[in-house]
Amino acid sequence: MADQMWLEELRSGVRRICNSFPDSYWRELDAKREYPQAFVEALTKAGYLAALIPEEYGGSGLGVTEASVILEEIHRCGGNAAACHAQMYTMGVILRHGSEEQKRRYLPEIAKGNIRLQAFGVTEPTTGSDTTQLKTTAVRRGDRYVVNGQKVFISRAQYSDLMVLLVRTTPLAEVRKRTEGLSVLIVDLREAVGKGLTIRPIRTMINHATTELFFENLEVPVENRIGEEGQGFRYILDGMNAERILIAAECIGDGRWFVERATRYAKERVVFGRPIGQNQGVQFPIARAHVHVEAADLMRFRAAALYDAGKPCAAEANMAKLLAADASWEAANAALQTHGGFGFAEEFDIERKFRETRLYQVAPISTNLILSYVAEHVLGMPRSY
Amino acid sequence: MNILVFVKQTFDTEETVVVQGGRVSEDNVRFVLNPYDEYAVEQAVQVKEEFGGEVTVVAVGQERMEQALRTALAMGADKAALVEDDGSLDEYGVAKVLAAFARRGTYDLLFAGQATVDGASAQTGPRVAEELGVPVVAAILRFTLEGDRAVVERDMEGYSERLSVPLPALFTAQQGLNEPRYPTLPNVMKAKKKPLERLTLEDLGLARERLLGRTATVECFVAPKTRQRRMLQGSPEAQAQALADELRRFVLPD
Ligand SMILES: Cc1cc2nc3c(=O)[nH]c(=O)nc-3n(C[C@H](O)[C@H](O)[C@H](O)COP(=O)(O)OP(=O)(O)OC[C@H]3O[C@@H](n4cnc5c(N)ncnc54)[C@H](O)[C@@H]3O)c2cc1C
């Protein structure tokens, strides 16, 4: 595991930036459902989003351990990394499966922040978690693919230059296994919008720039395909472990933020002539949430260490995500309850973070799907779906 | 320009102070580079960037101070030194240690924060200058070099003073001197590889018993919050009058 002093330095570097973006910054954006442009720019300029890009392509060549600490700290400081975390890891599919030419073309520009690659199009309205059933197709015509279909909840598409898109290139009926016949394309959003791609924002209960995408004969050059045709599902899957670990870290940052706020409020708020935190009924839920956040943190570091050592870590990454998402949600609930009516007041930021951290029960993967994974792949029970 | 900056690691100003067993607890506390020292480091790095030279940062204290030194390195300082001690020396001792370190080299410019956010005595910088026999200007808000002199400004609560000082000299930085830069990730990583020298008091030819201060901390306590509550009595008019009097005394103390 990376040494503690080094991780602490990273945290303090991130915190320096976050300190310029106080609660009020996030609160005002939330009210207007606006993208945190200034924050994302500051973080990009300081190079933090290029943490995972190898040094030879202009990044810092750090591991998932360090990347996770960066994202955790943003959440720990009361912010939200969802507006830009994908800039960190979406490039992984190019790094691991792209051609040398694609890597040289994209990675240095992504590292500099000149190109934003932070849109990742998988989910579809009619198939949801059942990814291999997705209906968006790409049909080869000469040196182009022609894409038709629809995606939903594709985040940051309006704030990204490129998008990694999962499409079916061989019909389901013609493949041996349903995981085959899917391919990954890089879509240049700057060119695609209006020429076969329509982006429609979806307003959600959180400030999260998510959208619906409609493809109508969108042409994508064949040279934009990553890896082999038909192998795309595998490419997407092996990026998921990193994503799970990073999302777990965001949850842990949220969890610590909730526990800290709840503790502080419990000590300060006096009713019935005593701080409410003197009552065990108030203390225990906060203490329990703290215990769970810390336990989840261990699984997150274990998964990250395995990942960085190049060892299999799917079980640990999934478990870390589930534990962390549950812990942050529990902490959110405890913090809201501790704050009483004030927890509902926007000014206290609890309700905002409460809404935000609820997402991780559903996206990027829902808790049930993680449990199915553990039941089937770790415990060897029959496949349930 | 050879520049030396004195820094310290202090509590993050967001932390709440907990007193336990007669001292301020450091359990689970986050530490930062003393905020005033950030201005000092930034100024040193700006001078280096404009005129060339080298910036050295030095701290006295526990192992954990290394992190503050790394932050300064990430901001652009070239090398660092940590004189290891248990952190219990007061300004008298710390100034002697820092001066001994400064004497090992030749520096044209010396910077420090105007105070630390924990000790808050604002003594260390001026004491070091005194030890070294160089001029000192405390709490500067502007800094420029003009030939072999520094021209600085300080805020005098209502007016400003501009001073021209021959070098070498020591300056302590006040909030507002500049806008300290964020350490970027590549620079944080470069800082890992920059030299950080560890020294003991003996290495500097110092005997610890000669560094002990003349003061002793008798007690450490959190000042009780004084809440004064007074119920106003009498007719509504009398109560309003009493309230107005009270407020007037509050706004315009005699
Ligand atoms: C704010 C936000 C941002 C998002 N960003 C992106 C993005 O950038 N890119 C992208 O591709 N997707 C994105 N998503 C989509 C997200 O990944 C999906 O919402 C998620 O995977 C769940 O899919 P679904 O919504 O279709 O739910 P469904 O698959 O319809 O599931 C609904 C519920 O049923 C449960 N369920 C389904 N099948 C089973 C089963 N077999 N056993 C037990 N329970 C089951 C699920 O756990 C869930 O609770 C985002 C979603 C949100 C809300």
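Where is A:Val362 found in chain A? A:Val362 sits in the loop that runs between helix H12 (350–358) and helix H13 (367–378) of chain A. The model is predicted: local features need pLDDT of at least 70, side-chain atom pairs count only at pLDDT 80 or more, and totals for chains, interfaces and linings use all residues. Residues are numbered from 1 along each chain as its sequence is written, and chains are lettered from A and ligands numbered from 1 in the order in which they are written.

**View 1**
Helices (H or I, at least four residues) and strands (E, at least two) are DSSP runs, numbered from the N terminus. A residue is called buried if 20 or more other C-beta atoms lie within 10 Å of its own, exposed if 12 or fewer, and partly exposed in between, with C-beta atoms placed from the backbone. A:Val362 counts as partly exposed because it has 14 C-beta neighbours inside 10 Å. Its C-alpha atom is separated by 21 Å from that of A:Arg200, a residue 162 positions away along the chain.

**View 2. Domain 1 against domain 3 in chain A.**
Chain A is assigned domain 1 (4–112), domain 2 (117–229) and domain 3 (234–378); the bounds come from an automatic or database domain assignment. Between the C-alpha centres of domain 1 and domain 3 of chain A there are 20 Å. Contact, meaning C-beta atoms placed from the backbone and lying within 7 Å, joins 25 residues of domain 1 of chain A to 25 residues of domain 3 of chain A. On the domain 1 side, helix H2 (23–32), helix H4 (64–76), helix H5 (85–89) and helix H6 (92–97) of chain A each supply at least two residues. H4(A) gives the most to this side, with eleven residues. By class, the domain 1 side has nine nonpolar, nine polar and seven charged residues. Here Ala, Val, Leu, Ile, Met, Phe, Trp, Tyr, Cys and Pro count as nonpolar, Asp, Glu, Lys and Arg as charged, and the others, Gly among them, as polar.

**View 3. The shell around the ligand.**
Of the 23 residues around the ligand, A:Val122, A:Gly128, A:Ser129, A:Ser366 and A:Asn368 come nearest; a residue is near if its C-beta atom, placed from the backbone, lies within 6 Å. Strand E1 (117–121), strand E3 (144–155) and H13 of chain A give two or more residues to the shell. The shell divides into eleven nonpolar, twelve polar and no charged residues. The ligand lies between domain 2 (117–229) and domain 3 (234–378) of chain A, because both give residues to the shell.

**View 4. Chain B where it touches chain A.**
Contacts link 14 residues of chain B with 14 residues of chain A. Helix H2 (65–75) and helix H5 (185–193) of chain B are the elements that give two or more residues to the chain B side. That side consists of eight nonpolar, three polar and three charged residues. H2(B) is largely enclosed by the rest of the structure, because ten of its eleven residues are buried. Among the buried residues of H2(B) are B:Met65, B:Arg70 and B:Met75. B:Gly76 follows H2(B) and has a positive phi, near 130 degrees.

**View 5. The nine-stranded sheet of chain B.**
Chain B has six helices and 13 strands. Nine strands form an open sheet with mixed pairing, in the order E11-E10-E9-E12-E8-E1-E6-E7-E13 (chain B); two strands pair if DSSP finds at least two bridges between them. The edge strands, each pairing on one side only, are strand E11 (160–166) and strand E13 (196–199) of chain B. Neighbouring strands of the sheet are turned by 30 degrees against each other on average, direction ignored. Axes are lines fitted to C-alpha atoms, for helices over the stretch in contact, and angles run from 0 to 180 degrees between N-to-C directions. Strand E7 (residues 79–84) of chain B runs parallel to E13(B), joined by four bridges, and B:Ala80 stands opposite B:Leu196 in E13(B).

**View 6. Strand E1 of chain B and its surroundings.**
Four of the five residues of E1(B) are buried, leaving the strand mostly covered. E1(B) pairs in the parallel sense with strand E6 (residues 54–61) of chain B over five bridges, and with E8(B), also in the parallel sense, over four bridges. B:Ile3 has B:Val55 as its bridge partner in E6(B) and B:Leu109 as its bridge partner in E8(B). Helix H4 (residues 124–132) of chain B lies across strand E1 (2–6), strand E8 (109–113), strand E9 (136–146) and strand E12 (169–173) of chain B, at about 70 degrees to E9(B).

Notes
Two residues are in contact if their C-beta atoms, placed from the backbone, lie within 7 Å.
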